[in-house]
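Hi there,

Here is the structure I promised to pass on. Have a look at it first, and then read my notes below.

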Amino acid sequence: MRLSMAVGLSLLGILAILLFPGHPKFFALDALYRFPLELPVIVLALLWIRQSAARWLCYALVIAMGTLLLLRLADIGSYLAFNRRFSPLLELHLIADGWNLASTSIGPLEAAGVVAACLVAFIMVVVVLYRCLSTLSQLTGSVRRRLTWLSSIALIAGSAGIAAEYHYSYDGPLQAKILPEFSWRFTNVRKSIIDQQEFVRELQFDSVLDNHTPTFDRLAGRDVIILFVESYGRGYVDAERFNEAARDRLASVDETISAAGLYSRSGWLTSPIRGGRSWLAHATFQSGLDIDNQARFDRLITTDRQSISRLFQQAGWHSVGLMPAIQFAWPEGVWYGYEDLRTSSEMGFAGERFGYATMPDQYTLSYFENAIRQRHDGPMAATIALLSTHAPWTPIPRKLDWDSIGDGSIYDGSHRFGERVSWKYRSKVQDMYVQSLDYTLDVIGEYAARYADDAVIVVLGDHQPPPIINGWGASADVPVHIISRDQSL
């Protein structure tokens, strides 16, 4: 009886690993009604291999299945954040970025505790998996014979069932996906290498500079201010849960700028990314190339391809970059060619940070206006990355009178709202997301009405928010608004 229980638990342990999904949306009861054909294959291999080689087979299976489990866990994290599968060749850097977000959102000790707990849990799973495999490999006598017959029957019947599913084109409970999945992952690595080769060829041509050097003469004498709004995607405007609040806020912004004698036009751009990695969207905008992965970005910044900021500089504009999210050395910033680049520590913020967001967007715009723009003569081309709408969307700043902001010391822990919210409470996270965008768009509208003068202001989203906000099927479109006192522009 005890042996039968051990065999049953071992089979269930192996089955659980094989059935573990690689996408959050597949965590449902119907996933338990699947039967992987790999199970009888593994069992038969363990039963009939010589005892001297059985231990090595167990090690090999643990490595293969443990790697598969690790990749599927990475897939789940990547889908939750970016709505795409994890690519080991292109995205290992996200481990550091994920740590930075987690440690500043919930605290470094808490984040370290979560990481440690995950590592311990994974090690325990691997140990249990080895025990399950080892138990089956050591069976003898009648138990071994019965399990051999059952596994053989399951393999034959399952093979016939899968053949029928394939022939009649229906999705039944049988599956054999492990080898195809490994094959897909190896193919994906190969595609990533090919993508790099194609990108190198793309870098050899420039659809603008191969024909002429732009002078931006229609914009002569005007400041050009590009505002990237974090996580500002089409879902905010179109999704049923958000669209009423979104359209009310956009209408309010339109009224604010119209009252100041400004005009605006809006449209859509398609971002190369979803859910995160804003720097890839910035690089796409600046380069005119599709920068949809880190490998392309790393290649781009080693080339002499001209950025939009460099082109403005060459045409007589003073190029400025404000990046409040950058908290460490940023050698990548050299490629953009900003004459004046200011990161978080160089923006004079004397207040208390807002979780992951180092400073509120109203301070960023106020600092730009008073410390940079008003102190420079001649046209300026500025790129500003706003941060208040970055996950986890809490705490959220309260809008203040512009004249009271100063060095930001007024943000002394007050003028904010929203406590930490666990992402298992999806509706609460969605509410905070909407309120953060409501704040930032309101601030942008007031900034334009108050300070635009003759500037052209381009407001655009960098990417859709993570799927927790608007599901898995959202498009990659982001809004873009162009604001100017000259309607013809």
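A residue is called buried when its relative accessible area is under 20%, exposed when over 50%, and partly exposed in between (1.4 Å probe, protein chains only). This is a predicted model, where local features need pLDDT of at least 70, side-chain atom pairs count only at pLDDT 80 or more, and totals for chains, interfaces and linings use all residues. Residues are numbered from 1 along each chain as its sequence is written, and side-chain values use heavy atoms, leaving out hydrogens and water.

Helix α11 (residues 278–287) is largely enclosed by the rest of the structure, because 8 of its 10 residues are buried. Those buried residues are S278, L280, A281, H282, A283, T284, Q286 and S287. They pack against β3 (224–229), α12 (294–300), α13 (308–314) and β7 (380–386), with contact meaning heavy atoms within 4.5 Å. Just after α11, G288 has a positive phi of about 75°.

Next, the cores. A nonpolar core is a set of buried Ala, Val, Leu, Ile, Met, Phe, Trp, Tyr and Cys residues joined through side-chain atoms within 4.5 Å. The largest has 57 residues, and L227, Y236, L365, F368 and I457 have the most contacts inside it. Helix α15 (residues 426–451) supplies the largest share of this core, 12 residues. Another core, of 23 residues, lies apart from it and includes I42 and L129.

Finally, L12 sits in helix α1 (residues 2–19) and counts as exposed, at 53% relative accessibility.

Enjoy exploring!

Methods:
Helix = DSSP H or I, 4+ residues; strand = E, 2+ residues; numbered from the N terminus.
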